[in-house]
Each structure stands twice: as C-alpha cells, then as structure tokens.
Amino acid sequence: MTEEAPKRSMLQRMIGAARLEVDVFEDVEHDTTATGQAAAVVAIVAVCAAIGASGMGTGGVIGSLLAAFIGWLVWSWLTYFIGTRWLEGTADWGEMLRTIGFAQSPGVLYVLGVVPVVGSLVKLAVWLWMLVAVIIAIRQALDFTTGKAIVTAGIGWMAYAAIGFITALLFGVPLALLSG
C-alpha cells in the first residue's frame, strides 16, 4: 500500500507551477477539486496585470477580468480539442482548465509593470515564463511530447490573443495590458 502525498495549498501549487515543477501540473491535473483554485489563479493574475498596466478605470479592470476568464476558457477548450482530436493526447477539458490556470501563476509578477524603465522588460519576461509553463502544463495534461505541446499551445495562444484584443477594444482595456 502506497502512502498518498499530502495535498498542497493553492499557494504551494502556484509557487510550484511558477517553478515549472512537473509534479505540480500532474497534481492539479488529477485533482478535480482544484478547478476553483485554477480560476482564482486566473483572477489574481488578471488583477496583477491590471495593476501593472496602471491608470485603468473600472471598465478596464472589468474588461481585464473578463478577457482573462474568457481567454482561459477558450484557450483551455481549444487546447483540449486540438490535443485530443488532432494530436492524439489524452485529457479532459477540466484537466486542461486546471493545468493552464495554474500555468498562469508567474503572471502575479505583472504587477511590477508599474516600475519605471524595467516594467516593460519584466512583463515580457513574465509572458515568456508563462508560455513555458503553459507548454509544460499542456504536455503533462495531454500526456504527449513537448513538440506537440508547443504546437498546441501556439494555436491556442493565437485564439487567446485574439479574444484579448477584441475584449480590449470593447471595454477600453489598454492594449499594453495584453502583453502582460
């Protein structure tokens, strides 16, 4: 009889996901109760990005949150669809929601976007960090190669970016926020 590992807190999972720890993505993939935590991560990152963009009004904050949630849902669904239908991965939509949600954990550092001079560099570095985390999340959730995960993430990201752009136009979110 094997002993089950103790359940990690949301904060521990966020830190592990930001550290790109594969076992954290496996953990949230299989924990069906972690979908709410993944949604909370998405919300926290959206708020941090809104703060990092500074100068946003109420409409911008609401638009930022809407774009984050709609983008997360669509990116997760597209990733699920592409990965399982076209690239023969094995996962369900909930697994994609949880892993991609936690992969956004490095985005809390978007709040540093307000720092003069280095803010834009920090946001670019965080965006790249999150992309790597999403690729790992996809690879683990769909149980396939890193190459297939990169293709899946790229196609899904294009849709995610398009949703962010459209939401920015509709709600007056500064386009600078879309990069982080």
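**Salt bridges, aromatic pairs and the core**

Reader: Is Lys7 buried or exposed?
Author: In this predicted model, the relative accessibility of Lys7 is 59%. A residue counts as exposed over 50%. By that cut-off, Lys7 is exposed.

Reader: With which residue does the side chain of Lys7 meet in a salt bridge?
Author: Side chains of opposite charge can pair when their charged atoms come close. For Lys7, the distance from N to O in the salt bridge is 3.4 Å, and a salt bridge requires such atoms to lie within 4 Å. The pair links distant parts of the chain, 24 residues apart: Lys7 is in the segment before α1 and its partner is in the loop between α2 and α3. The partner of Lys7 is Asp31.

Reader: Is Asp31 buried or exposed?
Author: Asp31 has a relative accessibility of 12%. Residues under 20% count as buried, so Asp31 is buried.

Reader: Which helices hold Arg13 and Asp27?
Author: Arg13 forms a salt bridge with Asp27, and their closest N and O atoms are 3.0 Å apart. The two residues stand 14 places apart in sequence, so this pair ties together separate parts of the chain. Arg13 is buried at 0% relative accessible area, whereas Asp27 is partly exposed at 25%. Arg13 lies in helix α1, and Asp27 lies in helix α2.

Reader: Which residues are linked with Arg13 in a network of salt bridges?
Author: A search of the whole structure finds five salt bridges. Among them are the pair of Lys7 and Asp31 and the pair of Arg13 and Asp27. Linked with Arg13 in one network are Lys7, Asp27 and Asp31.

Reader: Why do the buried residues of α2 lie on the same side of the helix?
Author: The buried residues in α2 are Val24, Phe25, Val28 and Glu29.

Reader: Which element gives the largest share of the largest nonpolar core?
Author: This core has 38 residues, and those with the most contacts inside it are Phe25, Met96, Phe102 and Ile138. The elements giving two or more residues to the core include α2 (22–30), α5 (93–103) and α6 (119–142). The largest share is ten residues, and it comes from α6.

Reader: What kind of aromatic pair do Phe69 and Trp72 form?
Author: A pair of aromatic rings is described by the distance of the centres and the angle of the planes. For Phe69 and Trp72 the centres are 6.1 Å apart and the planes are at 65°. Planes over 60 degrees apart count as edge-to-face, so the pair of Phe69 and Trp72 is edge-to-face.

Reader: By about how many helical turns are Phe69 and Trp72 separated?
Author: An α-helix has 3.6 residues a turn. Phe69 and Trp72 are three residues apart in helix α4, so their separation is about one helical turn.

Reader: What kind of aromatic pair do Trp77 and Phe81 form?
Author: The rings of Trp77 and Phe81 are 5.2 Å apart, centre to centre, with 20° between the planes. Planes under 30 degrees apart count as stacked, so the pair of Trp77 and Phe81 is stacked.

Note on methods. Residues numbered from 1 in each chain as written. Predicted model: local features only at pLDDT ≥ 70, side-chain atom pairs only at ≥ 80, totals over all residues. Heavy atoms only, no water. Core = buried A, V, L, I, M, F, W, Y, C linked by side-chain atoms within 4.5 Å. Buried < 20%, exposed > 50% of the residue type's maximum accessible area, 1.4 Å probe, protein only. Helix = DSSP H or I, 4+ residues; strand = E, 2+ residues; numbered from the N terminus. Phe/Tyr/Trp six-rings, centres within 6.5 Å; stacked < 30°, edge-to-face > 60°.
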